[in-house]
Amino acid sequence: MSDQIRLKKGLDLPIAGAALCEVTKRVAPGLVAVKPTDFRGMVPRLLVKEGDSVKAGTPLFADKKNPAVVFCSPVSGAVDAIVRGDKRKLLEVRVKADGKNEAVAFDVPKISSLGKAEMTEVLLRCGVWPCLRQRPFGVVADPAATPKAIFISGMNTAPLGADPEFALKDDYAAIQAGVEALGKLTGGGVHLSLPAKNFAANELHKLTGVVFHAFEGPHPAGNVGVQINHISPINKGEVVWTVDLHLVAVIGRLFLKGVYDTRRVIAVAGPAAVKPSYVEVPAGVSMQDLAEYFGEGDVRIVSGDVLSGEAIGREGFLGFYHNQVSVLKEGHYYEMFGWANPFRGKKFSASRAYPAFLRCKKKYEMDTNENGGERPFLMNDVYGKVLPMDIYPLYLFKACLAGDIEKMENLGIYEVIEEDVALCEYVCPSKVEIQNIIRQGIDLMMKEM
Amino acid sequence: MAKNFFDKIRPTFSKGGKLGWLHSSFDAFETFFFVPDRVTRKGGVHVKDCVDLKRLLIIVVLAMVPAFLFGIWNIGYQHNVVFGLGWSFWQMVWYGFVKIIPLYLVSYIVGLGIEFASAQIKGHEVSEGYLVSGFIIPLIVPVDVPWWMLAIAVAFAVIIGKEVFGGTGMNIWNPALLARAFLFFSYPSKMSGDAVWVGGLSKALAGGTPWKGGEVVDALSGATPLSHASLDGLSAAGTSAWNLFLGNVPGAVGETSVIAILIGALILVCTGVASWKIMCSSVLGALFVGWLGQIGGVTDIPCWEQLLMGGFAFGTVFMATDPVTSAQTECGKWIYGFLIGALCITVRLFNPGYPEGMMLAILLMNTFAPLIDHYVVSANVNRRLKRAKTV
């Protein structure tokens, strides 16, 4: 075990509606979707037509720039619809399950018999390659790249996030197989970060073939980007890969069972969730299958956590990388002299401008109200307090706004993706869309490189 | 009720409405009364902290209220002392109130007028930044400043100091100090000397109006203790450290009472709105140079007394900590604050022509704050580059 890394900066959002540790529903495959928009910068080439019958593991589309990277159907059935947006941009490939639960039977060799090239070939052929993401920029890993190391976060500090120890408790064998497989891809080792609390007692601590790291601290300590920054920061020209823990299990199942099995246990939570708890679902599950958790009224359904997730609506589909659905009330209301109210007991503030810091045990029914109008950057010390990285956030944001590539590079654009700066956006009193700024900065970097 | 009113007139001020071009102004008033119903956008965070700029800035204004209230009384008190009137407490307060209100009207009407107009022209939302600047300006000028001068100074500060740089958040210099500097250099006779700091005194002197207790004036003609003290020490200026701490001495409206300013500092630090690092380092810088001056034989004033004099306390607490014009990096703040304190006392010790060093010290360090930050950020960049080489 390496040293314990204690982070002080950050913020655990006291939001109400945490999921009870109980699986309250197992959703049988119905309508699911695979969304090319989940994969940053990927231009899809469609491989199926509407009406084609597919099995779990049949490729639906491939990456135009890298045709070996394919994105597969998570269920067996027929292609129901191909949804396009503006300029015919491919948004969703929907598959209607037929209930047969057939899967493509892949011929998978033993892990120990494979080298890097063969392992890459197997992962690509069996459709699990998109589970690997690459930093800088959080794109799908480039099979031709040589990663410095592979990082997995074994902790989830995101607001209302799924607890890996509960959600993955039946998957330890698959995770073990997954990390062994990943170990073949890099010379730098597979790094797994666990919470410092009960570090040795953690079930994940029994895994072999990984390098453990212990982290302690508030969100975003569980973000893999923050962990990389403290374990082995990314420099210009370097590449690391990251895999979400629940997707390590997907890779592992491929080697244990020879099939593309992306079922996952997700947390359905949030102040507006009806019975916040865990649900077992296929990847890309339709929100209509979870309708009973959302209740009536004007609510926002977020695939992912409330800080960095994506609003998908009642008809939407779970994102490929997400293992959480957050449910929030929409905040369409006016609040008379809200800014002048000395107490404002129903709202949380991380700043001491409100006495929320005195109500330390309280959980808040947060909604989507902006709580103010957008203004220029004014305060300069709020962002650094929630970003536990060796980075000057305000300067990075301004470099992104200015589109100054050299500055962005120097100030650490390679080390962050949107989710790492999400808390900066949360606390910003000027209500600036910081994740959007970083997104545009990253898009510019990718275009120019 | 107010909600209904806004809902009723909103179409008139929306795009395409009759008064659609006044949209920014409508928005400013509406958001003043109501936190808007806007929700977070797709692709960002979905919940947001309930703090906004209005809240932070109102706290700054609130923190200045003790100094403001004390200032009102002190205007009346100084007038009373100089003219030997034997007024009661409420008479003094009333005199101060009548003196200060026109300054506030001028400051806010001119300043906010320009802010609204420029937001209107650019089609932006009106930023709340001027609420604070507008509150500071009357507190740092002599109470007898002619209104038209103040209006010009405010217009200069807002237009040249702020709007040409792109408005709130983009300015290099603290707008309030810029207004004062403008007055100081454009109309020195109204801004310096001894008589200007007592309400009604300069008029009385100029007009030859007889006043009771003329002999008192002679004794007090060193109306700002600072100009005498910087040369001769406090007792020669007819005052004591205790009086400076309380603030019942002549001076700009808000800057005399250290105790009132300390209450404000406490509010700012407890709420985390202003940087305690800047305040601390500024005090340290002043003590350091004050101490050097003392052991070097430049002055007889103990270094701690320097902290009580003139605009040092007010500047340190309310103006050096302006988040826009101060250093932006945490390390830079220590350097920035220290240099402000040090420069302020240096100016006091070595240039009797400008006994009030704080204004110049802050404006100068505002200018250099980006440079300090540049070096702090460069160090971070170099660290990152070095890391690349060693791995």
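## Burial and overall form of chain A

A residue counts as buried when its relative accessible area is under 20%, as exposed when that area is over 50%, and as partly exposed in between. By this criterion, 61% of the 449 residues of chain A are buried. The model is predicted. The accessible surface of chain A is about 17200 Å², and carbon and sulfur atoms make up 52% of that area.

Chain A contains nine helices and 21 strands. Its radius of gyration is 21 Å, close to the 22 Å given by the globule rule for 449 residues, so chain A is as compact as a globular protein of that length. The C-alpha trace of chain A spans about 65 × 50 × 45 Å along its principal axes. Among contacts in chain A with a separation of 6 or more, 68% are between residues 24 or more positions apart.

## Aromatic pairs

Two rings of Phe, Tyr or Trp form a pair if their centres lie within 6.5 Å, and the pair is stacked if the planes are under 30 degrees apart. The count under this rule is 39 aromatic pairs over all chains. One of them joins F377(A) and F397(A): the ring centres are 6.5 Å apart and the planes meet at 20°, so this pair is stacked. The pair links distant parts of the chain, with F377(A) in the loop between β21 (335–336) and α6 (393–402) of chain A and F397(A) in helix α6, 20 residues apart. F377(A) is buried at 12% relative accessibility, and F397(A) is buried at 0%.

In chain B, W73(B) and Y77(B) also form a stacked pair, because their ring centres are 4.7 Å apart and their planes are at 20°. Both residues belong to helix α3 (residues 53–83) of chain B; they are four residues apart, so about one helical turn separates them. Y77(B) has a relative accessible area of 23% and is therefore partly exposed.

## A ring cluster and charges over rings

In chain A, ring pairs connect F39(A), F61(A), F71(A), F320(A) and Y321(A) into a cluster. One member of this cluster, Y321(A), has R133(A) over its face, at 3.7 Å from the ring centre.

A charge also sits over a ring between the two chains. The charged end of R55(B) is placed over the ring of Y354(A), at 3.8 Å from the ring centre.

## The loop between β21 and α6

The loop that holds F377(A) is also the location of T368(A), R344(A) and N371(A). T368(A) is buried, with a relative accessible area of 0%. Its side chain reaches the backbone nitrogen of G331(A) at 2.8 Å. Apart from neighbours within four places in sequence, T368(A) contacts R300(A), L328(A), K329(A), E330(A) and G331(A), together with R38(B), V39(B), T40(B) and H46(B).

R344(A) is not a glycine, yet its phi is positive, at about 50°. N371(A), also not a glycine, has a positive phi of about 60°. For comparison, most residues other than glycine have a negative phi. Both positions are buried, R344(A) at 4% relative accessibility and N371(A) at 3%.

## Cis peptide bonds

Most peptide bonds are trans. The bond joining R135(A) and P136(A) is cis, with omega about 0°. P136(A) is in the loop between β10 (132–135) and β11 (139–140) of chain A.

A cis peptide bond also runs from H219(A) to P220(A), where omega is near 5°. P220(A) lies in the loop between β14 (211–216) and α4 (224–231) of chain A.

## G225(A) in helix α4

Helix α4 of chain A includes G225(A). This glycine is buried, with a relative accessible area of 2%. Not counting residues up to four places away in sequence, G225(A) touches R135(A), M389(A), E415(A) and D420(A). R135(A) is also one of the two residues at the cis bond with P136(A). M389(A) is 164 residues from G225(A) along the chain, and their C-alpha atoms are separated by 9.2 Å.

Terms used
Residues numbered from 1 in each chain as written. Chains lettered and ligands numbered in written order. Predicted model: local features only at pLDDT ≥ 70, side-chain atom pairs only at ≥ 80, totals over all residues. Heavy atoms only, no water. Phe/Tyr/Trp six-rings, centres within 6.5 Å; stacked < 30°, edge-to-face > 60°. Helix = DSSP H or I, 4+ residues; strand = E, 2+ residues; numbered from the N terminus. Buried < 20%, exposed > 50% of the residue type's maximum accessible area, 1.4 Å probe, protein only. Lys NZ or Arg CZ within 6 Å of the ring centre and 35° of its normal. Rg over C-alpha atoms; globule rule 2.2 N^0.38 Å. Contact = heavy atoms within 4.5 Å. Areas by Shrake-Rupley, 256 points an atom, 1.4 Å probe, with all protein chains shown as cover. Polar contact = N/O pair within 3.5 Å; in protein donor to acceptor, adjacent residues only side chain to side chain.
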